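This report describes two protein chains and how they meet. Look over the sequence and the 3D view before reading on.

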Amino acid sequence: MTTTLTAVPQAPTALPDTDSETDLTWKVVVWNDPVNLFDYVIYVLMELFGHSKEKAEKLTSQIHHEGRAIVNDGPREQAEMDCYRLHRQGLWATVEK
Amino acid sequence: MFVPTTDGIRITLPAGLVEFLQDVPTALDHVGSTPDDPAADRFRVPVYLDDGESNDEFWRWMGTELDESRAADRSAFSLILESADQGVVASLGEASGFLRVLVEIRLALAARLGVQVEADYQKLDHTDAVVLDTLAELQVLLLQAMSS
């Protein structure tokens, strides 16, 4: 028997803009962890940021070997939303200037 | 187990594996229900490393949304499992949710088993290692189907 299921809810809207520093570039950093699989991290970076497979592999390798990598940057509001989406995928992400 | 189709991913799992996975959503629902649960800490890691106020604000705004999204993933996961022994077609969105639950339970179990660096895997007892490896294998197979 084959069954089709209902859709999964989408991510929420962004945080309200409460910071005058939103024009500055904020970095989204993904940190190495011993549990998430290499291929899964590549998949997430491709899916969330539209990175090419080559770029996603390079970033994942950097995360693995150097402990962290900057995977995206932009205004603070966007960086926080990126961070949310990465956490939703089970990756540890931080925001920094 | 996971076969790409025009409508998404056809998921067919052995009955024993379905039984193994059926407890996953409940186990995740209970993350943080006991004091000092390492799994709960894993799901609330700092977002601002040097700014506690911004970190608190982030989790105040995003924490509930994240919990609700994870709960929705678990519901979809359970729904898939209801028919998985006979075969069920999940949309790519539903399959992504299924994958996230596999990731989430593996993270939770690893945190509780004290896996902090890769070498910690070597210290796990056989049963715990088999559970983590089985979940990893499922992730890989589903990823392959979703990427093909």
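This is a predicted model: local features need pLDDT of at least 70, side-chain atom pairs count only at pLDDT 80 or more; totals for chains, interfaces and linings use all residues.

Residues are numbered from 1 along each chain as its sequence is written, and chains are lettered from A and ligands numbered from 1 in the order in which they are written.

**Chain B**

Chain B contains six helices and three strands. Helices (H or I, at least four residues) and strands (E, at least two) are DSSP runs, numbered from the N terminus. Along the sequence of chain B the pattern reads β-β-α-α-α-α-β-α-α. The C-alpha trace of chain B spans about 50 × 35 × 30 Å along its principal axes. Of the 148 residues in chain B, 34% are buried. A residue is buried if 20 or more other C-beta atoms lie within 10 Å of its own, exposed if 12 or fewer, and partly exposed in between, with C-beta atoms placed from the backbone.

B:Asp128 lies in helix α6 of chain B. Because 16 other C-beta atoms are within 10 Å, B:Asp128 is partly exposed.

**The sheet of chain B**

The three strands form an open antiparallel sheet in the order β1-β2-β3 (chain B). Two strands pair if DSSP finds at least two bridges between them. At the edges are β1 (2-5) and β3 of chain B, each pairing on one side only. β1(B) and β2 (residues 8-11) of chain B are joined antiparallel over four bridges. One bridge partner in β2(B) is B:Gly8, paired with B:Thr5.

Angles run from 0 to 180 degrees between N-to-C directions, and axes are lines fitted to C-alpha atoms, for helices over the stretch in contact. Two residues are in contact if their C-beta atoms, placed from the backbone, lie within 7 Å.

| Helix | Strands touched | Angle between directions |
|---|---|---|
| α5(B) | β2 and β3 of chain B | about 55 degrees with β2(B) |
| α6(B) | β1 and β2 of chain B | about 10 degrees with β1(B) |

**Where the chains meet**

How many residues does each chain give to the contact? Chain B gives 43 residues and chain A gives 27 residues. On the chain B side, the elements that give two or more residues are α4 (52-84), β3 (88-90), α5 (92-112) and α6 (126-147). Of these, α4(B) gives the most, with 12 residues.

Two packed helices are described by the angle between their axes and the distance between the axes. For helix α3 (residues 76-88) of chain A and α4(B), the axes come within 11 Å and cross at roughly 35 degrees. The residues that make this contact are A:Glu80, A:Tyr84, A:His87 and A:Arg88 of α3(A) with B:Phe58, B:Met62, B:Leu66 and B:Ser69 of α4(B).

**Helix α1 of chain A**

The 12 residues of helix α1 (residues 38-49) of chain A should span 16 Å at 1.5 Å a residue, and the end C-alpha atoms are 17 Å apart, which agrees. The expected span is 1.5 Å times one less than the number of residues. The buried residues of α1(A) are A:Tyr40, A:Val41, A:Ile42, A:Tyr43, A:Val44 and A:Leu45. Their cover includes α2 (53-66) and β2 (68-74) of chain A, together with α5 and α6 of chain B. After α1(A) comes A:Gly50, with a positive phi near 70 degrees.
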